[in-house]
Amino acid sequence: FKVIYWWEWGHRQLGRVIGLVWALGFFAFILRKAIPAGWTRRLLLVGVLGGVQGAIGWWMVASGLSGEMLDVASYRLAAHLGIAFMILGFLTWFILLLGRTENDLLLQRRAREERLFSLSTGLSHLAFLQILFGALVAGIDAGRNYTDWPLMAGEFFPPEPFSATPLWRNFFEDDGLVQFIHRIAGYLLLAFGFLVWRKSRSSGNDELKFAFNAVMAVMLFQVLLGVMTVLYAAPWNLAILHQLGAVLLWVLL
């Protein structure tokens, strides 16, 4: 615990400061009656999610203090990261909405391409699921085993993936199976992303096409980073860069 003490302490203090900044801003705007119509619930949602995030963080840390394990439970870590990405997603969405005039938003909604909107929504959901799989990999250090690619220990499927009982534990605790799922989900995400990108080529909106070019570029970079992270047994600098790539991809989506 001494090794991670300052990381842990700093992370908690930063979380508290974030909550304080939200509360000061939210209630100051409430008192000044400066929140635009229809935005109170949206901005309140961000604060509520922040509170939920703190509670899940406590629940996550508690799993590492039970005496049964030295690390936190991987599924609790994934939940903690998932809420963080939800908060980031809402903040990004709200910032983009508030950055446009009502007239501009009305024009954008009228010109919205329903098919591409649906496909990109599905791509966002799959990306979010892949981020959760990445958290499971990180939670059990699964990236430091099976350091060959595209095979795993010389085979397509990792050896003895269902050795733990009950069966469900393998999907959270077996390093080979968890890494395998993360790899396959990455391939599926890339393939689906390519299909959505191809669909965006037919759009008459140059701004939209540029946005999907950016998504595709970061997605390819993420795949390359993922492979490099595996081949070098997940050194911390590559692993953090891979996570930052996920943040960038999520914001772009």
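Here is a quick tour of this protein model, from its overall build down to a few single residues.

This is a predicted model, so local features need pLDDT of at least 70, side-chain atom pairs count only at pLDDT 80 or more, and totals for chains, interfaces and linings use all residues. Residues are numbered from 1 along each chain as its sequence is written, and side-chain values use heavy atoms, with hydrogens and water left out.

**The big picture**

- The protein chain has nine helices and zero strands; helices (H or I, at least four residues) and strands (E, at least two) are DSSP runs, numbered from the N terminus.
- If you read along the sequence, you get the pattern α-α-α-α-α-α-α-α-α.
- The C-alpha trace spans about 60 × 45 × 35 Å along its principal axes.
- The chain has 253 residues, and 31% of them count as buried. Buried means under 20% relative accessible area, exposed means over 50%, and partly exposed is in between (1.4 Å probe, protein chains only).

- Helix α1 (residues 5–31) packs against α2 at an angle of about 160°, and their axes are 11 Å apart. Axes here are lines fitted to C-alpha atoms, for helices over the stretch in contact, and angles run from 0 to 180 degrees between N-to-C directions.
- α1 and α2 are therefore roughly antiparallel to each other. For this label, angles under 35 degrees count as roughly parallel, over 145 as roughly antiparallel, 65 to 115 as roughly perpendicular and the rest as oblique.
- The crossing of α1 and α2 is left-handed; that is the word if the near helix is turned anticlockwise from the far one by less than a right angle, while clockwise gives right-handed.
- Next come helix α2 (residues 40–63) and helix α3 (residues 74–98), whose axes come within 9 Å and cross at roughly 165°. That makes α2 roughly antiparallel to α3.
- α2 also passes α3 in a left-handed crossing.

**Salt bridges**

- Side chains of opposite charge can pair when their charged atoms come close. A salt bridge is counted when a side-chain nitrogen of Lys or Arg is within 4 Å of a carboxyl oxygen of Asp or Glu.
- A search of the whole structure turns up seven salt bridges.
- One of them joins the side chains of Glu-207 and Arg-100, at 3.1 Å from N to O. Glu-207 lies in helix α8 (residues 206–231) and Arg-100 sits in the loop between α3 and α4 (102–110), so this pair ties together parts that are 107 residues apart in sequence.
- Arg-100 has 29% relative accessibility, so it counts as partly exposed.
- Glu-114 and Arg-112 form another salt bridge, with their closest N and O atoms 3.3 Å apart. Glu-114 is partly exposed at 46% relative accessibility, and Arg-112 is partly exposed at 40%.
- Asp-141 pairs with Arg-144 in a salt bridge, the closest N and O atoms being 3.9 Å apart. Asp-141 is partly exposed at 37%, and Arg-144 is partly exposed at 44%.
- Salt bridges that share partners link Arg-100, Asp-104 and Glu-207 into one network.

**A nonpolar patch on the surface**

- Leu-151, Phe-156, Phe-157, Phe-162, Leu-167 and Phe-171 make up a nonpolar surface patch with about 570 Å² of accessible area together.
- Patches are made of residues with over 30% relative accessible area and no salt bridge: like charges are joined within 9 Å, and nonpolar side chains (Val, Leu, Ile, Met, Phe, Trp, Tyr) within 5 Å. Accessible areas come from the Shrake-Rupley method with a 1.4 Å probe, and for residues only the protein chains shown count as cover.
- Phe-171, from that patch, lies in helix α6 (residues 170–173). Phe-171 is partly exposed, at 36% relative accessibility.

- Most residues other than glycine have a negative phi, and most peptide bonds are trans.
- Trp-149 and Pro-150 are joined by a cis peptide bond, with omega about 10°. Pro-150 is in the loop between α5 (114–139) and α6.
- Ala-153 has a positive phi, near 55°, and is not a glycine. Ala-153 also belongs to the loop between α5 and α6, and is partly exposed at 47%.
- Ala-234 has a positive phi of about 55°, again without being a glycine. Ala-234 is in the loop between α8 and α9 (236–252) and counts as buried, at 11% relative accessibility.
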